[in-house]
Amino acid sequence: MDRFDEVMRRAMDLATHAQQQSDVPVGALLLAPRIETAAPISFRNTDSSASKEALAFAGEGAPAPESDSPFYLGDWEIIGQGFNQRETYPFDPTAHAEIMALRQGAQRLGAWRLTGTTLVVNLEPCTMCAGALVNARVSRVVFGAWDDKAGAAGSVRDVLRDSRLNHRIEVIGGILEEECSAQLKDFFARRR
C-alpha cells in the first residue's frame with residue numbers, strides 16, 4: 001500500500017460531499033508535518049462518526065475549528081480540508097476543493113506561506129488551483145486522477161513545475177488513479 005493511499009481515500013470521502021451538493025466530486029486535504037506529540041485521531045475507520053468529524057472540519061467552507069486537539073493522520077497533521085462548493089450559495093467560482101483547503105490551512109497556521117505542506121486531492125488541479133498552490137508555496141501536491149481537459153500538474157500544462165515561476169512544487173500523480181477516475185466518471189455519467 002502506498003503511503004498516500006489512506007489520505008487519498010479521505011480526499012475521496014470529502015469529494016462525496018461535493019457530489020451530494022451536485023458539484024464535481026473533488027476533495028482535498030492540506031497536510032503539515034506533525035509537530036505535537038498528542039495521540040493521533042485515527043482516520044482509518046470510515047464509520048459515520050469519523051465521516052461526521054471530517055465533514056465538521058471541512059465545515060461548508062468555514063474555517064478550521066479552534067481546538068486543542070489537532071487532526072492527525074500518521075506523521076501528518078491535517079490543517080485544511082475542502083470539497084468543491086461552487087454549486088452552493090454564494091455560488092463562488094473559486095470554491096474549488098484545493099482553494100478551500102488552502103484557506104483553512106493558512107488560517108490555521110496564521111500565515112499565507114504554506115512551505116513544507118502537502119496537498120492531497122483526488123483530481124489533478126486546474127490552472128487556477130495550481131496558481132494558488134504555487135503562490136502559497138505548497139511543497140508537494142499528490143493527486144489521484146489525471147485531468148486531460150484542464151489539468152495543470154503535467155497533463156495539459158504544468159504550472160506546478162514551471163521553471164519561469166518563483167516556486168516549483170513536487171508532484172506525485174496517479175495515487176489510487178482508477179478509484180479516483182471511477183468516482184468522477186460515475187458522477188458525469190449520472191449527469192448525462
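1. Ala101 is buried, with a relative accessible area of 0% (buried is under 20% relative accessible area, exposed over 50%, partly exposed in between, using a 1.4 Å probe and protein chains only). Ala101 sits in helix 3, residues 97-109 (helices are DSSP runs of H or I with at least four residues, strands are E runs of at least two, both numbered from the N terminus).

2. Before going on, keep in mind that this is a predicted model, where local features need pLDDT of at least 70 and side-chain atom pairs count only at pLDDT 80 or more, while totals for chains, interfaces and linings use all residues. Numbering runs from 1 along each chain as its sequence is written, and side-chain values use heavy atoms, with hydrogens and water left out.

3. What does Ala101 touch, not counting residues up to four places away in sequence? The list is Ala28, Leu30, Gly80, Gln81, Gly82 and Leu119, with contact meaning heavy atoms within 4.5 Å. For Gly82, 19 residues apart from Ala101 along the chain, the C-alpha separation is 4.7 Å.

4. Strand 3 covers residues 76-83, and seven of its eight residues are buried, so the rest of the structure largely encloses it.

5. On the pairing side (two strands pair if DSSP finds at least two bridges between them), strand 1, residues 27-33, runs antiparallel to strand 3 through seven bridges.
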